[in-house]
Amino acid sequence: MKVLLISPGKDEYYKKRLKLALKMPPLTLSTIAALTKPDIEVAILDEHVEPINYDDVPDLVGITVMTSVAPRAYKIADKFRKSGAKVVLGGPHPSALPKEAIRHCDAVVIGEAEGAWEKLLEDFKNGDLKQFYSNEKLPSLVNLPEPRRDLYKKEAYYFVNSLQVSRGCPFNCSFCSVSNFFGRTYRHRPIADVIREIEHLEGKFVAFIDDNIVGNPKYSKELFNALIPLKIRWVGQSSFNIIRDPDLLKAAKKSGCAGLFIGLETISEESMQEIGKVQNDIKEFKVGIKRLHDHGIIVLGAFIFGFDSDDKDVFKRTLDFALESKLDLAQFSILTPLPGTRLYEKLSSEDRIINADWSKYDMGNAVFMPAQMTPEELQKGMGWAWREFYSYGSILKRLFSVNFNLLRHLLYFAPLLVLNMSFKRALDFESKMAKASITKH
């Protein structure tokens, strides 16, 4: 029996653009591969780094689907089904819209894979494949098998040492699909399991892909203290309230934290209330960023445009803040109503969703009618913020005015320059492709 697990790309343009930026290996697929019994031949294909060979037809194809790649995933699924393979779809999008997904596949895994995937494989072997699979309760994270990183395409990624230590979130931010997919409570892997997995990795750099590495401060402190003897460097995603706990911040630094992705989201109190992100206090943003820098931690601040209280000046105000607060890196996104979120329900009920093409639901396209500007103004403003923040002048100014002490500055100058230039090259390429498309039409 042969199983092929696929992470779909959005389209050819998307794949070309990602070659200019950092790529992460498909941890979801390597985790599912680890759940597959040894007597089953399993392979992983990440369409961002290699094309699909449709002439090699496996017995079963599993595709993980985010909303923005749903159209592409459906095309892949349809093509393999015509060749005689059975197809399974899973991930956030099919979990939110299983009745839509089942039109393109033989089975849908709703929610997390552990338990459901093993049952599906057994049914498939017995010729009794069901249409829908899900777990009655959230899976335990104790004693999980280590992901099959050996299945990643060789030399396709900058690093392969990504792992997850927790799932779920007690918060329910209006635009976020995490709590809908993983549940409203934090679940954690035993720290001994995490340490053992890291000890088996090659290299000393690790990326934690948890939605919030400090969601449970007590657990996080224990984890960070356990990491100290390993002498690794790591990056992750954190809520902003890490800056309020001196012991937690100190433990993160000692454990090797090199950088954090933090969803600041907005500098508007009205917008923050609209989101429902109670853990963010805008008045603390600047001092908090400095505090992180004082601990030698690079900060990538993420912002979203398009809230009902956002007017046309929001782009300049946000950019000014990002520069004044000396953020090392920034991400600017458009508010996107993903299926399964409160935002999607709200905008649907108000008849404000203007684009049903899932490929546009990539945080870079305006797919709804904003309250105080046109969709075109929203998209144009976001693009302007990206270009201004990653202009040559801005990059150089930020790199030479960073809050790190001199030693930290010397250590991080080169990696920060590479990261900033990576973003800039991707933006320049995107602009070039957009202009070529306009000229063509």
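Where is the place of E265?

A: Let's start with what you're looking at. This is a predicted model, so local features need pLDDT of at least 70 and side-chain atom pairs count only at pLDDT 80 or more, while totals for chains, interfaces and linings use all residues. Residues are numbered from 1 along each chain as its sequence is written, and side-chain values use heavy atoms, with hydrogens and water left out.

E265 is in strand β12, which covers residues 257-265. (Strands are DSSP runs of E with at least two residues, helices are runs of H or I with at least four, and both are numbered from the N terminus.) The chain has 14 strands and 17 helices in total. E265 counts as buried because its relative accessible area is 7%; buried means under 20%, exposed means over 50%, and partly exposed is in between, using a 1.4 Å probe and protein chains only. The backbone of E265 is worth a look too: its phi is near 75°, a positive value in a residue that isn't glycine. Most residues other than glycine have a negative phi.

Now find N280, in the loop between α11 (269-275) and α12 (285-294). N280 and E265 are 15 residues apart in sequence, and their C-alpha atoms are 8.8 Å apart in space. N280 counts as buried, because its relative accessibility is 8%.

From here, move to the helices. The axes of α9 (residues 217-227) and α10 (residues 246-255) come within 8 Å and cross at roughly 30°. (Axes are lines fitted to C-alpha atoms, for helices over the stretch in contact, and angles run from 0 to 180 degrees between N-to-C directions.) The two helices are therefore roughly parallel to each other; that label is for angles under 35 degrees, with over 145 roughly antiparallel, 65 to 115 roughly perpendicular and the rest oblique. α9 passes α10 in a left-handed crossing, where the near helix is turned anticlockwise from the far one by less than a right angle, while clockwise would be right-handed. On the α9 side you'll find P217, S220, K221, F224, N225 and L227, and they meet D247, L248, A251, A252 and S255 in α10. By class, this contact has 6 nonpolar, 3 polar and 2 charged residues. (Ala, Val, Leu, Ile, Met, Phe, Trp, Tyr, Cys and Pro count as nonpolar, Asp, Glu, Lys and Arg as charged, and the others, Gly among them, as polar.)

α9 has another partner, α8 (residues 191-199): their axes come within 10 Å and cross at roughly 35°. This crossing is right-handed. Here I191, V194, I195 and I198 in α8 meet Y219, E222, L223, A226 and L227 in α9. By class, that contact has 8 nonpolar residues, 1 charged and no polar ones.

Some of these names come back in the largest nonpolar core. (A nonpolar core is a set of buried Ala, Val, Leu, Ile, Met, Phe, Trp, Tyr and Cys residues joined through side-chain atoms within 4.5 Å.) This core has 72 residues, and I198, F224, L227 and W234 touch the most other members. Strand β13 (residues 298-305) gives it the largest share, 6 residues. Follow F224 for a moment: leaving aside neighbours within four places in sequence, F224 is in contact with I213, V214, W234, L248, A251, A252 and S255. Apart from this core lies another, of 26 residues, including Y54, I63, A77 and F80. In soluble globular proteins, nonpolar side chains tend to be buried together.

Stepping back, 54% of the 441 residues in the chain are buried. Of the contacts with a separation of 6 or more, 73% are between residues 24 or more positions apart. D351, though, counts as exposed because its relative accessibility is 65%.

Definitions and conventions: Contact means heavy atoms within 4.5 Å.
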